[in-house]
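Hi,

Here is the structure I promised to pass on to you.

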Amino acid sequence: MGLKLAFKEIEDIEEKDGGALDLLKRRLLGVAAVVLFFFAVIILRLWMLQITNGSEYETRAYSNRVRIRDIAAPRGHLLDRQGREIVTNRPSFNVVLIQEDSNDVGDVLKRLAPVLKMDISELWEKIRDASGTPRYLPVRLKEDIDWQTLAYLESHNHEFSGIRTEVQPVRVYHYDDLAANVIGYLGAISKKEMAEADSEIYSGQEIIGKRGIERLREADLRGEKGQNFTEVDAKGFEQTQLKAVEPLPGREIRLTLDNDLQQIAESYMAAGDKSGAVVVMEVNTGRLLVAASAPSIHIEEFIGGISKNAWQALLDNSRHPLLNKVVQATYPPGSTYKMVTALAGLSKGVIDENTTFFCPGQISFGNRTYRCWKKGGHGTVNLQRAIGESCDVFFYQVGMRVGVDTLAEYAQKLGLGKKTGAEMEFEKEGLTPTRKWKQKYRKAKWQDGETLSVAIGQGFNIVTPLQMCVMTSAIANGGKAYRPKIVEQVTDPEGKVIENFTPELLSEVPGVEKFLKIIRSGMEDVVQGKRGTARNVAIEGLRIGGKTGTAQVVRLAQYKGLKDENIPYEYRDHAWFTCYAPAENPEIAVTVMVEHGLHGGSGAGPIARAVLAHYFTNKMDPGKVDKAVPVVPEQPEEGGE
Amino acid sequence: MIRIDRRLFEHFDMILFLLIFLVCAMAFFNLYSASFPPKGPGMPPYMRQGYFFLISFTAFVFIISFDYQELHFWNYPFYGLITILLVLAFIFGHSAGGAQRWINLGFFKLQPSEPAKLMLVITLASYYSRKEIVEGYTLKDLVVPIILTAIPFGLILLQPDLGTAMMLAVIFVSMTLFVKLRVSTFLTLGGVAMGLIGVAWVKVLKPYQKQRIQTFLNPEGDPMGNGYQILQSKIAVGSGGRFGKGYMEGTQGHLHFLPERHTDFAFSVWGEEWGFFGSAIFISLYFLLLIWGLVVALHARDRFGVLLAFGVVSLIFWQAAINLLMVMGLLPVVGIPLPLFSYGGSSLLTTMLGLGILMNVRMRRFHSSMARD
């Protein structure tokens, strides 16, 4: 009402030819326009902030006042086949800095350094390393602090603005380095891994599996992190707890490994300062009871991140401790390949159990002479004896008759030359050479003489210890190559079984049991025969079928004829021993590869023997098994091939 | 000297008074929330402001009791007193934020730059009403007002309090433009002002002041540093949404994300808790008060009355506009309170005295015979 009157009055002024006062008052209309203009601008701005962008600012106000802190989920435990804990967790306390909440980082760090017994420059370095990450995310200053430090920081937390302690479960290794190369280790998620990871799950601060089962089963083991919602004021002091979502622990994985057997295998390898691998597999299922690689990594070095020097030392080590030699190293199979040649010969009808060849110690083929390892020759041998005494000439003859492609075909059917698909990383394929392969990759025609080398497991042939064990199992079980598996069972925190072991067939050679029977009788002679090459493996009360093998390392002329101990380590031959037991009804296959171990029987045999003895001590009538095999290894004895 | 006329009560403007009362009531309620949770010992800000309301209301009653024509005379001692206080503040002043602004009177810390704004309004109104030039003022006519403005302006700038000094300049420009300048004078003065601003940027502005202006231009660039205040204020107001978070429920304010939440950023607290509707109601009332002030000017019985009413309105209007645009992120952070709404005794007292003058002009609009005896 008043306003209306007022404007009417201004109009009146304009109509009258008023005095100076009226002229002045007339300008009030313009003034009112200016005031109303600003009113409109302010209301419009208010609309923009509160209506148009209201929800966005609401979110920002929420994230201002609500701090969401992740609660790390305890990682799933790893057990052996009997449920014994190999890897579990314990809580560790880390000191972190939340930069956003600190009013004076420099001052806080200066006072914190002596408490943590660290140098201030180290602390600054950690903060520099974290540059680029949001300021509300914690920067880890020190991990796994002791109880006194924790108690001090908790009781003085108001003196250190922005400093918090966070609980993080860390791994506990109950058997030290047991199966370390298979189980693997953890480490802080890298920027590269973060780029590939699901940002819903990983925030960039996590510790994740870097190698082995820890990496391959990350999804099972990690669990789901929990979240703590607290209301904070502008200085970052927590006011009230709003809600908390408890973390969901990771799934428990029961492995097929047997701690006792694994320990025996590893300690025998370690005691002889041996490099190589030991694999024990159930012949009728593919369960891996032992998967040992020597030398092993030391898992303690990896907790909290391995130092650069330690890592470089591992890389430089000529024994390659970082390799899981069960699948990541390949060797010529040597004489262990003779079973493949035998099966090919029997299946193709080239030989039967009565076929004999005369071994004079060597044969000539083309313009070359191919020697048997026994200079004087084996005389007239049939297949059983040829395997038992590992006669090379016999298998030259068989190989020559079946040809390299047939050898490769049977090798593949028994599990060689292709990945087994066991849950181990960077598995090597190995190689079962064929004519086609040589033409394609070596750009050369196959020489028939090369077939002879292949027939006794030399030449282009290479296999992994795991493939060798699969092959041995297949020979023992009637021709079935099972996929080696290491996970027995996965259970979630409520105890629900997520995954159970089931045998899986890789390939099968059907209708060869009658041939394998002949081959196995030869393998039994290897251990139990009078002239067997691994008589030292024999255990009273247990029939074992096995085969020794020597994988030639580059033989330089200058080392020929030298006594074993005079050959430099790196030029000594690799030693294989692969076997199964009990011969009557095979249960397990044991494969031992000792790098530069010289002879299969002496170099690799004792380790297999110790494993078998322990396994069957528990399985069979105790009285029948030779208890003399010590769990703690002794120096290997001499044996001959 | 004071003759109480019954007609005075008849002409007491209930609308003006009601508008003032409503804005003050909102301010008080808002301050209660803005000063929660209480910080440290002593009287919480809303209580202190409550006492300031009473003091200011007394001053309001005092100033309507005599005819505003008396201000032609009282203007001189008032001007002298304020100038002395400004000098004292500069010499003995209580330092805050790098500036010497307050004189400690024991029970009350007086900020003389606040009443200086009102003093300038009265002084210029008095001068321009006595020296009336219909065809527009020339540069020569402006020498006296420029000097009268320059003295307090310089003293305040020296404190240094750029925001308040700027307010004096704005009041001078508003009132001078309102009484009409010659075009040539306008152009000359405009040119000189531009030059002075240029010089000021290079020579006079402190680094923190430049920083504030630069931060304003890109507040998101440094959200934890100088852009923090603007950003947090925008978040507070914006997160209020349509209907607000509810009285005493503002998280930005109560968890201290808002800086200066009971002084310069008091409106952010209101915006957060009452939302768009509550804010629109408050701003509408506030601008209605200003428009009503212009109505008072329109009905004033003489040139002095018009100029006084206009001056008081422009004094409140510019501060309110700058403060509101600042808290909503449209202007850089300058220490300008929202009159009546922000905590601060000096500002409240000055504003209520100004509104008292407005009421005075309103009540005496028909009393042409009651000019000075």
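First, some housekeeping. This is a predicted model, so to speak of local features a pLDDT of at least 70 is needed, side-chain atom pairs count only at pLDDT 80 or more, and totals for chains, interfaces and linings use all residues. Residues are numbered from 1 along each chain as its sequence is written, while chains are lettered from A and ligands numbered from 1 in the order in which they are written.

On confidence: pLDDT is the predictor's own score for each residue, from 0 to 100. Chain A averages 86, and 92% of its residues score at least 70. The pLDDT is below 50 over residues 622-628 of chain A, and also over residues 634-641 of chain A. Where pLDDT is low, the predicted coordinates should not be read in detail.

Now the chains. Chain A has 22 helices and 23 strands, and chain B has 14 helices and 3 strands (DSSP runs numbered from the N terminus: H or I of at least four residues for helices, E of at least two for strands). Of the 641 residues of chain A, 45% count as buried; for the 373 residues of chain B it is 50%. Buried here means 20 or more other C-beta atoms within 10 Å of the residue's own, exposed means 12 or fewer, and partly exposed is in between, with C-beta atoms placed from the backbone.

What sits inside? The largest nonpolar core has 133 residues, and A:Val279, A:Val290, A:Leu343, A:Val611 and A:Leu612 touch the most other members. A core is a set of buried Ala, Val, Leu, Ile, Met, Phe, Trp, Tyr and Cys residues joined through C-beta atoms within 7 Å. Helix α22 (residues 600-619) of chain A gives the largest share of this core, 9 residues. A second, separate core of 114 residues includes B:Leu162 and B:Val333. Back in α22 of chain A you will find A:His614, which is buried, with 20 other C-beta atoms within 10 Å. A:His614 and A:Ile264 are 350 residues apart in sequence, yet their C-alpha atoms are 8.4 Å apart.

How do the chains meet? 39 residues of chain B are in contact with 37 residues of chain A, where contact means C-beta atoms, placed from the backbone, within 7 Å. On the chain B side, α12(B) supplies the largest share, 12 residues.

Most residues other than glycine have a negative phi, and most peptide bonds are trans. The bond from A:Ala294 to A:Pro295 is cis, with omega near -10°, and so is the bond from A:Ala581 to A:Pro582, with omega near -10°. A:His320 has a positive phi of about 50° although it is not a glycine, and B:Lys180 has a phi near 85°. B:Lys180 lies in the loop between α7 (162-178) and α8 (183-204) of chain B.

Cheers

Conventions. Contact = placed C-beta atoms within 7 Å.
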